[in-house]
Amino acid sequence: MASSLRNRNRRTALVALCVAGGMVGAAYASVPLYRIFCQVTGYGGTTQVATSLPDKILARRVVVRFNADVDRALPWRFEPEQDRVEVRVGEEGLAFFRARNDSKEAVVGTASFNVTPDKVGQYFNKVQCFCFTEQWLEPGQEIDMPVSFFVDPAIAADRNLDDVETITLSYTFHRTETASGKSARAGTALPKTDG
């Protein structure tokens, strides 16, 4: 009887250990899995990345507004050079943002981004963007950074998005600590280290 009780306790302990280990593993996997989910579905306003422009341009027009913010830890000024652009669905849009390092040291920054309304994220595609790389600025250096984008013509088939006339593309620049930045030249883009 004592042997049976010990075996049952061992099994219970083993099952509890496996469950705890599975929960820890799930916690570590949740961030990359969530990121993949957002990129695939556009959830939370996550935009898509395209390597080419669509073949079709529709008559429907949308206004794309631009927003720029800077994290407090980054001593930069960052702003769009235009408030908005109007594009036809499927047409390439081009906008520029300007960043200036107001500190007395070289700083590396990287931009996070999203679009609103969130539901349009799966149809907003960036072809070229400064947000794909880290940016290295010397003290007082100022640079212009382009973003090339389009709204996927597939948006026309989504009745849930018939009401979308304006899209806001928002960026927030954050300070990046990177060993590779120390050997880079000023104003160069560095490959992102976080994927």
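## Close-up views of a predicted model

Figure 1. Of the contacts in the chain with a separation of 6 or more, 78% are made by residues 24 or more positions apart. The model shown here and in the following views is predicted. Its secondary structure consists of 1 helix and 11 strands. Read from the N terminus, the order of the elements is α-β-β-β-β-β-β-β-β-β-β-β. The chain has 195 residues, of which 36% are buried. Its accessible surface amounts to about 11,500 Å², and carbon and sulfur atoms contribute 53% of that area.

Figure 2. Strand S6 covers residues 107–116. Strand S8, residues 133–137, pairs with S6 in the antiparallel sense over 3 bridges. Within this pairing, Val107 has Leu137 of S8 as its bridge partner. Strand S10, residues 166–175, also runs antiparallel to S6, and the two are joined by 8 bridges. Here Thr116 stands opposite Thr168 in S10. As a guide to viewing such elements, the side chains of a regular strand alternate between the two faces of the sheet.

Figure 3. Which form does the peptide bond from Thr116 to Pro117 take, cis or trans? The bond is cis, with omega near 0°. For comparison, most peptide bonds are trans. Pro117 is placed in the loop between strand S6 (107–116) and strand S7 (124–129).

**Figure 4. The disulfide of Cys129 and Cys131.** The count of disulfides in the model comes to 1. Such a link is a covalent bond between the sulfur atoms of two cysteines. In this model it is formed by Cys129 and Cys131, whose sulfur atoms are 2.4 Å apart. The link of Cys129 and Cys131 is right-handed, with 130° about the S-S bond. Are the two cysteines buried or exposed? Cys129 has a relative accessible area of 7% and is therefore buried, as a residue counts as buried under 20%. Cys131, with a relative accessible area of 1%, is likewise buried.

Figure 5. Asn101 is in strand S5, which comprises residues 93–101. Because its relative accessible area is 1%, Asn101 counts as buried. Which backbone oxygens lie by polar atoms of the Asn101 side chain? The backbone oxygen of Leu137 lies 2.9 Å from a polar atom of this side chain. The backbone oxygen of Glu138 lies 3.2 Å from a polar atom of the side chain of Asn101. When residues up to four places away in sequence are not counted, Asn101 touches Pro75, Trp76, Ala106, Val107, Leu137, Glu138, Pro139, Gly140 and Gln141. Two of these neighbours, Val107 and Leu137, are the bridge partners shown in Figure 2.

**Figure 6. Aromatic pairs around Phe130.** The model contains 12 aromatic pairs. One of them is the tilted pair of Phe97 and Phe130, with 5.5 Å centre to centre and 55° between the planes. Phe97 lies in strand S5 and Phe130 in the loop between S7 and S8, so this pair ties together parts that are 33 residues apart in sequence. Both Phe97 and Phe130 are buried. Phe130 also pairs with Phe173, and this pair is stacked: the ring centres are 5.9 Å apart, with 10° between the planes. Phe173, like Phe130, is buried. Phe97, Phe130 and Phe173 are among the members of one aromatic cluster, which also includes Phe66, Trp76, Phe78, Phe113, Phe124, Phe149 and Tyr171.

**Figure 7. Ala59, an exposed loop residue.** Where is Ala59 found? Ala59 is in the loop between strand S1 (48–49) and strand S2 (61–70). Its relative accessibility is 69%, so Ala59 counts as exposed; the cut-off for this class is over 50%. Val87 is 28 residues from Ala59 along the chain, and the C-alpha atoms of Ala59 and Val87 are separated by 9.6 Å.

Conventions: Residues are numbered from 1 along each chain as its sequence is written. This is a predicted model: local features need pLDDT of at least 70, side-chain atom pairs count only at pLDDT 80 or more; totals for chains, interfaces and linings use all residues. Side-chain values use heavy atoms; hydrogens and water are left out. Helices (H or I, at least four residues) and strands (E, at least two) are DSSP runs, numbered from the N terminus. Buried means under 20% relative accessible area, exposed over 50%, partly exposed in between (1.4 Å probe, protein chains only). Contact means heavy atoms within 4.5 Å. Accessible areas come from the Shrake-Rupley method with a 1.4 Å probe; for residues, only the protein chains shown count as cover. Two strands pair if DSSP finds at least two bridges between them. A disulfide is a pair of cysteine sulfur atoms within 2.5 Å. A polar contact is a pair of N or O atoms within 3.5 Å; within protein, one must be able to donate a hydrogen and the other to accept it, and residues adjacent in sequence count only if both atoms are side-chain atoms. Rings of Phe, Tyr and Trp (its six-membered ring) pair if their centres lie within 6.5 Å; planes under 30 degrees apart count as stacked, over 60 as edge-to-face and the rest as tilted.
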